[in-house]
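Visitor: I'd like to learn how to read a helix and a pocket in a model like this one. Can you walk me through it?

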Amino acid sequence: SGSCGGVRRPPLRMRLPAERWRQLAFVWVFFVIFAGAGYSAPPVLFPLIAKERGLTPGQMATLSSSFMLSKAFLSVPVVLALRRFDAKRCIVAGTVAQIV
């Protein structure tokens with residue numbers, strides 16, 4: 001189903017050996033345990049930020065969830081770009097966009 005420059009490639013599941021799937025699972029679990037805990041736990045600086053900016057707890061919750069909302073809205077265009085262009089090109093373009 002995937003194609004790159006007119007060359008038909010087998011689906012991703014068929015191209016990745018079992019070892020790669022284990023590595024991917026490990027990275028995913030590592031991310032969920034360490035980074036996921038950071039997203040759900042309130043940062044230590046929240047009370048200071050709220051006091052300085054005069055924000056209510058509800059506004060602070062909205063502020064902290066804005067990262068997840070942006071991730072949700074941007075995931076579809078990113079998947080479409082990855083399907084249309086090569087992953088290496090997308091990584092280079094993302095890196096250039098962050099630098100600029």
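Visitor: How many residues does α4 have, and how far does α4 reach?

Guide: α4 has 28 residues and spans 42 Å from its first C-alpha to its last, close to the 40 Å expected at 1.5 Å a residue. That expected span is 1.5 Å times one less than the number of residues. Helices here are DSSP runs of H or I with at least four residues, strands are E runs of at least two, and both are numbered from the N terminus. One caution: this is a predicted model, with local features needing pLDDT of at least 70, side-chain atom pairs counting only at pLDDT 80 or more, and totals for chains, interfaces and linings using all residues. Residues are numbered from 1 along each chain as its sequence is written, and side-chain values use heavy atoms, leaving out hydrogens and water.

Visitor: Where does α4 bend?

Guide: At S65, by about 40°. The bend is the angle between axes fitted to the seven residues ending at a position and the seven starting there.

Visitor: And how do I find empty space?

Guide: Rolling a probe the size of a water molecule over the atoms shows where empty space is left. The second largest pocket here is lined by V78, A81, L82, C90, I91, A93, G94 and A97. α4 (57-84) and α5 (87-99) are the elements giving two or more residues to that lining.

Visitor: Which element gives the largest share of that lining?

Guide: α5, with 5 residues. A pocket is an open set of points on a 1 Å grid where a 1.4 Å probe fits, with protein on both sides within 12 Å along at least five of seven lines; lining residues have an atom within 4 Å of a point.
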